[in-house]
Each structure stands twice: as C-alpha cells, then as structure tokens.
Amino acid sequence: MTDLTSMTIAEARNGLAKKSFTSLELTDAHLAAIEAARSLNAFVLETPDRARAMARAIDAKIAKGEGGPLAGIPLGIKDLFATKDVRTTACSKILGDFVPPYESTVTSQLWRDGAVMLGKLNNDEFAMGSSNETSCFGPVVNPWRREGSNTTLVPGGSSGGSASAVAALLCMGATATDTGGSIRQPAAFTATVGVKPTYGRCSRWGIVAFASSLDQAGPIARTVRDSAILMRSMAGHDPKDTTSVNRAVPDYEAAIGKSVKGMKIGIPREYRLDGMPAEIEKLWSEGGAWLKAAGAELVEVSLPHTKYALPAYYIVAPAEASSNLARYDGVRYGLRVPGRSIGEMYENTRAEGFGAEVRRRVMIGTYVLSAGYYDAYYLRAQKVRTLIKKDFEDCFAKGVDAILTPATPSAAFGVGEKGADPVEMYLNDIFTVTVNMAGLPGIAVPAGKDAQGLPLGLQLIGRPFDEETLFSLGEVVEQAAGRFTPPRWW
Amino acid sequence: MSTATHKLIKGATGDWEMVIGLEVHAQVTSKSKLFSGASTEFGGEPNTHVSLVDAAMPGMLPVINEECVRQAVRTGLGLNAQINLRSVFDRKNYFYPDSPQGYQISQYKSPVVGEGEVTVELDGGKTATIGIERLHLEQDAAKLLHDQSPSMSFVDLNRSGVGLMEIVSKPDIRDAEQAKAYVTKLRSILRYLGTCDGDMEKGSLRADVNVSVRKPGGPLGTRCEIKNMNSINFIGQAIEYEARRQIEIIEDGGVIDQETRLYDPNKGETRSMRSKEEAHDYRYFPDPDLLPLEFSEAYVAALKAELPELPDQKKARFIAGFGLSAYDASVLVAERESADFYETVLAKLADQARDGKLAANWVINELFGRLNKEGQDITGSPVSAEQLAAIVDLIGDGTISGKIAKDLFEIVWQEGGDPRALVEARGMKQVTDLGAIEKVVDDIIAANPDKVEQAKAKPAAIQWFVGQVMKASGGKVDPKAVNVLLKTKLGI
C-alpha cells in the first residue's frame, strides 16, 4: 500500500479518475500509515470511521462521474479548524472535549470538492509557537533526522502536525494556518510545500482565532502543484468573514509550468542577516540562480523596515490574541475549574487551561493594550506595520514580480533545544512575519539540505492576490531542487 | 447653550448650579442583532435567540447588520448631527459573564455619528438647546439571572449582541427638568424615526446620567455617573438627590470622589457602585475582525430624503397651518401616536382651515383629558379619529352647539356609533330657525315682566333670559342667536 501513500494529489486524482483504485483503498492506506506513525504524534484525533464513510460516499459519486476537484483525496485537518461533530481543541486544554456544531468554511469547501478527512492534526496551542512544543497533546516529531543521529527534531510550528503528517506520507495534503510563519516554517523544516495566501483569500470563519488581522489558512502539500490544487478549493469569498475578499478564485494549477521569463525577482538586502549560516546563504544564491536560468531577472531590492517587523509582530499578534482568547472563560464551553467567586473561577480556569506560552502572550497582549501603554506599543507597532507594507508596495511598484528569501534562518532543531529563551524561538519567524504584517502571499518550497542532511526551504513573496506567480516560480525551484522524502524510521 | 433660565440649588454657601450630561442607550429597531442573524425579539425563552456568534463560539466572526447602520445614520440625521462616512468598530475588553466574547464591540475613537443638537421644550413655553457629542453603535450585554439557583447565576444570551445606539449629550443640561425634557424629546425623535421603540420598561431606552455641581459659571466640579436609569421620573429624582448630596459634601469641606453610582427608587437615593480606582481598563483597540464602516454621501442623502417629518417640523406646521398655540402643538407632537391621531382627524375634516384649531382643542381637552382620567392611551381610544372629526365637523358647520357636542362625545365614548346619525336620531340638531325660537322668547318675556325691568336696568341680567331659552329648547338653540334676538325684543 506504500505506493498509494507516496503518490501526489495530482497522481492520485488521475488514478481515481481512471479507477485504478478507489478512494476507500487510498483512505485505508493512509489510515494504516497513520496508525503505524503514532510515534510522530502528528494526529491528535484519528477519524477512521468518518474517513471511510466519506471515502465510500465519494467513491459512489466518482462511479457516477460526479466527483469534485478533490474527489477521494484523503487530507489531514489542523486542529484549529472547527469540524462539525468532531472534537476541535486548538490543542489547548481549555477547549477540553469541545465538539463544534459547525464546520469551518475552508474545510466545508474541501468536503464540497470531495476530499476525505482522516483526522485532526497537532499544532502549537492556539497556533502560538514555532516548534509544535506548546501543544497540550505534546510535541510533534519531525520525520526528518540529522544524518547518523537519533535526536528527535521538531517539525516547526505552529502547523507542525500538518507538516509532519504530509512529509511522513500520512495524508496527501493538510490544512494549516499561518499567523507569523506557521505554514512556511514547518514546511521548510519538513521539505514540504507551504502556502500562506494573501490575507482575505481564505475565509477565517470557523478557524480558532489567534491574531485576526494576521491569521490566514493555507495548504501544506508535497508538491507545488498539489498545493495549488488544494488552494483552489480552500480559497474564496465568504460573506461570514467580512475580511475575506470578493474576488474570483483562479485555476491556480494552470500557473504551474507557466514561463517565468522576464519576471523580476527581488533579492532583499535586509534579509542578509549577520551570522546567517553559510548554507542558508548558499541555498538562497542557488535559488536565485535557478530562477535566473529559467529566464527571470534578479534585482537587489531594499525593504528598509524589515528589522522592526519581528518586534512589531510580537506586539500586534499578542494584543489581538489577548482579546481573542478572552472568550475561553469557563462559562459556556470547554474547561471550567470552579472557584469561590466568578473572578476566581476565571483565574483558575485560565491558569489551568492555558499553557505557559499562551499565558505569556495573553499577558504581553494585555500589557501592550493597557491605558498608558497603548500608544507606546500597540499604536507604534501598527505604524511600523504600515511602513513594512509600504516597503513591499514600493518594491512591487518598481516592477518586481516576487521576492526571494530563505524561509527560515536554520534547519529543524531538537525538541527542547530552544525552550528556555522565548526570543530565540521567536527569531524563527524572522523571514516570514513581514509577509503576514503586509498581508501578502508567500510560499515555502523545499530547496536543499544542510550539512547534516536536514531540509531547507526558500520563500517566495508575491503581490497581493498573485499566488499564481508564486506557483509558477515555486515550481521552477522545485524542478531544480528536486523532491525530498525522509527515510522511514518510525 | 441653554437659552432658558434654569434651576439653581440653594446651599449654605449660596447658589449651586448643576452640570449634567447623559449617555442614552437606545436599542436599535431591527429584526436581527448588530453582528449576527439572531432575532432581537423581546421576551423569548432564555437562550433561544442566540447564534453561534452571540455565544462567542471558537472561530465565529461578526458581520455588521446593515439595517442597524441605516438606523444609526437616520437617527444621526434626526439629531441634526454630522454623519461620519468612515467609522471604526473597537473592542472594549472586560471579563464578565454578560460578555461572552470577553469584549463588547463598540465604537470608541471614530463613531458613526458626530456632533448634533436637540431642542427641548420646557415649562412656560421656553426652550433649551442640548448639544449631542456623538452617537455610536455597540452590542448589548447578556442578562444574568441570579434567582434561579442558590449557588449559581445563570446567563441568558438573548440580549447578547442586540444593537444599541449610545447617544452622548454634551454637558449642556443644567437641571432635572431639562434632563427629563431632553430624554423625553430624544425618545420622541427616536420613535418618530422608528429607530428605537423607546420602551423604557422593557429596557429599550436606558440612560447613564453624569452629574456634577459648581458655583454658577465657576469651574467644573467632579462628576458622578448614575448608571442604568430606565424611567424619566427617576432620572429627575436621581439628579435632584445627587446634586444635593454633592453640595452637602462640598459645603462640609469634603471632596467628591469620581465614581459610578446606582439610584434606588425605593429609598430615593443614589449609592456608590464602584470608585474610579475600581474602574476597568477596557484596553480598547480596533476590532480586527471588522473592516472600517464606510458608506457614501449619496447613501446618507438618500436616507435623509426619506426621513419622516420629525416633531419640531410637525409642530411648526401645525402652528403655521392651523393657528395652534405653541403649547397645544407641542402637546400634540410629543408622542408620535398623538400626532398621528390628530393628523387623521385633520384629514377627515370637511374644512381643515376652518376647524383645524377646533379639532386640536377637542383632541387635547376632551379626548386626552378623558383618556387621562380613564388611564388609557391614545392607541386604545374608544373614540376614533373619524368619529372625533365628525363631531368637530358638526360643531364647525353649526349643526350642534359646543355644549351638545360634549353630550354627543359622551354618547360616542360610551356607545360608539356615527355622530351624524346619532345627532339625527336623537334630535340633537341646533335650532337655527329663528321663527321657532321667537315664540319661546316671546312667551318667556311675557311671563316675567320683573326680569324684563331688571334687564333693562342692568343689561348683564339678559343672561337669565338666555339660560331660560336654552333650557326650554333643550340646549339646541344657538346661544349667540338667542342673545341677539333678546336684545332686539327687550330693546337694549
């Protein structure tokens, strides 16, 4: 059955159409893979019965020639997405055994198009983290290991379960969310493709909110084409989300293989960090060279406010989070730890329900919004955000079609390695947060390996709603770099 | 801003002036809530009008109800206020079980409506102009039920998320009468516009009252806020009490603590609810789930064009068109239902120009007087506008006298029926044939020579004859005609 799990979505789609196998067979193969890979802790909830029922239903549709664009494709769903009648916890104790009576817009569009749900994927608690170590279900294990080492590595975060599961062939693709790099960083750590769409491209309705002005859903898949296929189903206007944009969803897959000749690719000087590992530097140049070979033109560009992005992000995101997480109060659903007064009940519930990182961010966010600090922190961070956005606008105004950067400042690190200093962990997002702050689309594509054999990724940043260019360019990188699959050890 | 003189309070150290500002919370008339599709209907079983958004389920997002925006803009226009084409929704963060999201969506720095003004009527025909600072949209809170269990409080989310307009006055109000007149007028405008039903008993209209005192014209004093008043009379009582309380403290050498207070109508006093130190830090910030609220000049213009006639305009029209006194016009326009009733009477009159004023007198004195006596309101009036118009027509065209008209009104009130038919059937018509009266007059003169002498000596005594003639004719003759006839006959 390994054959069935190692296929791409595009290949499985053809196989299903040709009736070479059924969705039920495909689904069973993945369920078996999930069962065999429990040591990765990628899934926090397996839904085999539901998966098989969905597969049977879609097989019947395929037989009648009625399958949608994702007919019969088994997917994993990040636990941040509300799934009707299926436990949804955002990997936080505070949601307990919460079972939503509703389905997120993004997942409902996947089911509309015929996809099959295998289960819910692990993530950092409320998507706050860069290593998937803050999950109340415990850390996710990266299927990749350093050559000759048994050290357990993190898959990145917050969409660590999605990245790990896709890389380990447990599902053909996965939903993920990205607030500061939570799709692209884990994709880079696991040699998968991760797309953070333009803010407003995918509906946020039914996705547990972290930072509303930054959160965006996107896919993690094994190829650029697969990510484009998933994007088409995930994207679209939703009247239930005022911030979603009413714009036709293009056929993203059609952008794959389109010539990139004459495209101007910006290489931002400010992303060349002091002390950046030589292999990251090398990977970046190599990526540029591949795009150049494909006919694109490289231009050095300046994004002068880049260095303020991370500090500003760690004001804006916690500020919104502190307010978004206020609803977890033990009154209506989820965990409730009693107290002698309503105040004490709140305190007990939130102290026990939230993990350390979430509590830290709620406190930071509360602080920066407080009377007397609002102007100095929140307002100033919003001004920085405007400047960062303007940096990109200026760059695109000069005819730049996309910007090429490394996806992360390093390859995957070990579990527990970066726990002590939160700032060290936050630095993981250094290349990705600017994209969220500016609301732009970004894609992380596997591009090579470091000296220890761990995957590294490159990031391409596009104009608003120009995901298509990212798919075209991403595929050029993918073609040149090749695909990377972790040797199976689990 | 007040053009009227206002009440000062005499203290031990001389006169004190009150400075009062009101924050009125008016529930927007709309089928569904401000950011969800749930019903706003009053009085449903607990937690039956609740959407996923109202319950603040994970991942739920607010979507602005355009009808509420429309109503807010219409209200702003009715208050002669500036309409802001761009406004912003903010989150007001606080923890309490009546706030399922952990924040209230409100408008903080950029409200949908800016400065405006309201003219209020005071006793003695005086008016005062009260400035409006702003109007913004916000969510109502849930209701807590404390009497359902000995150890727990329950939450009813039916009201949670219902749209409110918070209308903030400038501190232009100078005494309790003005405050009451302001709320009365505001309520009237809202009801004319149909943007709030103004039902204070159901909590559709509530006011927070800010009160401070100072020496007339002196610097502003420290204010206290009296929360959640839902009766116009209580507002007046609370202000009187609160002002005297503050004056007493200051005159005793104390200082006023800025605090939030509650009015206890049973004891007639205010008491401290929380001090400034205990005040929340609401950590306002723009709600990232919602885009700024933007609409065009044309949108506002279209709403303005469709605005109904408001009380001030109606009052002016009644005065100019029918010669009503300012007082009578005010009485008629104060409540939309009263004005509508009068308008219907007008529409049914045979001769509006001739009898418009008479009709106003009848609506105010006879009908309202009688309704007040019976404790009824205009919507349940046993006498319809058509019936009243018919009575006024009968007086106006001289078919019946005013005196008979009162009897007729009583019959219609008690028994109903068509006034014209009743006049015919019961022979209530005024006798206009002087020939018929002449016989009666002659008989009375012949039978009372002593009275004739008296009348000749003292013409006022003629009234005795008028009374006798009216009595003999059952009130059906025109007293003016009788008067003229008598004068001729008696030669005076």
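Residues are numbered from 1 along each chain as its sequence is written, while chains are lettered from A and ligands numbered from 1 in the order in which they are written. In this predicted model, local features need pLDDT of at least 70 and side-chain atom pairs count only at pLDDT 80 or more, whereas totals for chains, interfaces and linings use all residues.

**Stop 1: helix H4 of chain A**

Select residues 48-63 of chain A, which form helix H4. Helices (H or I, at least four residues) and strands (E, at least two) are DSSP runs, numbered from the N terminus.

Now colour A:Ala51, A:Met54, A:Ala55, A:Ile58 and A:Asp59, the buried residues of H4(A). Seen down the axis of H4(A), the buried residues fall within an arc of 140°, so they line one face of the helix. The arc is that of the directions from the helix axis to the C-beta atoms. An α-helix has 3.6 residues a turn, so residues three or four places apart point the same way.

A residue is buried if 20 or more other C-beta atoms lie within 10 Å of its own, exposed if 12 or fewer, and partly exposed in between, with C-beta atoms placed from the backbone. On the face turned away from the buried side of H4(A), find the exposed A:Asp49, A:Ala60 and A:Ala63.

Show helix H3 (23-36), strand E2 (74-78) and strand E3 (116-121) of chain A next; they are among what covers the buried residues of H4(A). Just after H4(A), A:Gly65 takes a positive phi of about 75°.

**Stop 2: where chain A meets chain B**

The contact takes 33 residues from chain A and 24 residues from chain B. Two residues are in contact if their C-beta atoms, placed from the backbone, lie within 7 Å. On chain A, select H10 (306-324), H11 (342-353) and H12 (356-369), helices that each supply at least two residues to the side touching chain B. H10(A) gives the most, with three residues.

**Stop 3: chain B**

Chain B has 15 helices and 16 strands. Colour domain 1 (2-303), domain 2 (311-425) and domain 3 (434-490) of chain B; these bounds come from an automatic or database domain assignment. The centres of domains 1 and 2 of chain B, taken over C-alpha atoms, are 37 Å apart.

Note on methods:
Expected span 1.5 Å × (residues − 1).
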